[in-house]
Amino acid sequence: MHDHRPGGTPGGARLEPMALEVRHPTADTAEGCGGRRHERVLRIERNACVAAVSDDGSADRFLARLLGDGARLPADGAPDRSEAPGTTEATGTTGATGAVSVAVYGVDPRTDPEAVRRLVGVVPPGMPLPEAPLHDALVAAARQRGLPADTAAERATDLTDALDLRAVERTPVAELTPGQRSRAALGCALLHVPRLLLLSRPLDDVDSVSEKILCRVLGRYTASTGTVVFSTRSREVARRVTDRLVTVRGGEVRCDCLPATR
């Protein structure tokens, strides 16, 4: 993978850390290399929007395994029993190639998982949400994240408006359309104002109105607050809305980051 980090600053000033950096040790199997080890490095800049594209569930597995077992991130909005992203096999690798190293804004999930929990918002596969009317589900998700009751209610109302969900705020989440559910799941991920969003297929199989709203909210988020990495099975969606895209196979990034064609 290419290193997209900008060049050094004048005077050798230290660069700010990437929003997300993944180092994946691999065995060099090319003839004549003698089995040397080297690293694949994926670096994602601050305020970027990146799509991880796969024809199957590989991109979802890649996102789910990014942060390692130490982070134990909650599936935002889901009950505690929901499967949380994170395993020690961070990108589907095995011990044969060594451990994967991940940093979120320079923070290692293994050494400071609580800091990473504060930095990251997650929409996991299936978009689990509390079984309640939409507004109550958002409040419950905010409370699960540790927000005080008044702040939780205020944030839920703000996000209901931002995601154009006020008309269905009293509708049980089980009765939402796929597009409304995707918007609600994004709202849950945004409640604690994270700086990195890891989203499972937020734009796949949604109606055109929901796609427009989601893209608008994500655009404002990357312009002002943080970075987005989302999975999708559609290269068309990726090229339409992202700064960069990567192809994922077998839970690993298999090709260089490519600029999206808009």
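Q: Which helix gives the largest share of the lining of the largest cavity?
A: Helix 1 does, with three residues. Keep in mind that this model is predicted.

Q: How is empty space found inside a protein?
A: A probe the size of a water molecule is rolled over the atoms, and this shows where empty space is left. In this structure, the count comes to two cavities of 30 Å³ or more. The largest cavity has a volume of about 70 Å³.

Q: Which residues lie nearest the centre of the largest cavity?
A: They are L63, A64, V122, V123 and P124. The lining holds 10 residues.

Q: Is V102 buried or exposed?
A: Buried means under 20% relative accessible area. V102 has 5% relative accessibility, so V102 counts as buried. V102 is found in strand 4 (residues 101-104).

Q: How far apart are V102 and E21, in sequence and in space?
A: In sequence, 81 residues separate them. In space, their C-alpha atoms are 5.6 Å apart.

Q: What share of the contacts in the chain joins residues 24 or more positions apart?
A: Among contacts with a separation of 6 or more, the share is 70%.

Q: What does the whole chain look like in numbers?
A: The protein chain has eight helices and 10 strands. Of its 262 residues, 51% are buried. Its accessible surface comes to about 12200 Å², and carbon and sulfur atoms account for 49% of that.

Notes: Residues numbered from 1 in each chain as written. Predicted model: local features only at pLDDT ≥ 70, side-chain atom pairs only at ≥ 80, totals over all residues. Heavy atoms only, no water. Helix = DSSP H or I, 4+ residues; strand = E, 2+ residues; numbered from the N terminus. Buried < 20%, exposed > 50% of the residue type's maximum accessible area, 1.4 Å probe, protein only. 1 Å grid on protein atoms, 1.4 Å probe; cavity = no way out; pocket = protein on both sides within 12 Å on 5 of 7 lines; lining within 4 Å. Points joined across faces, edges and corners; volume = space filled by probe spheres on them. Contact = heavy atoms within 4.5 Å. Areas by Shrake-Rupley, 256 points an atom, 1.4 Å probe, with all protein chains shown as cover.
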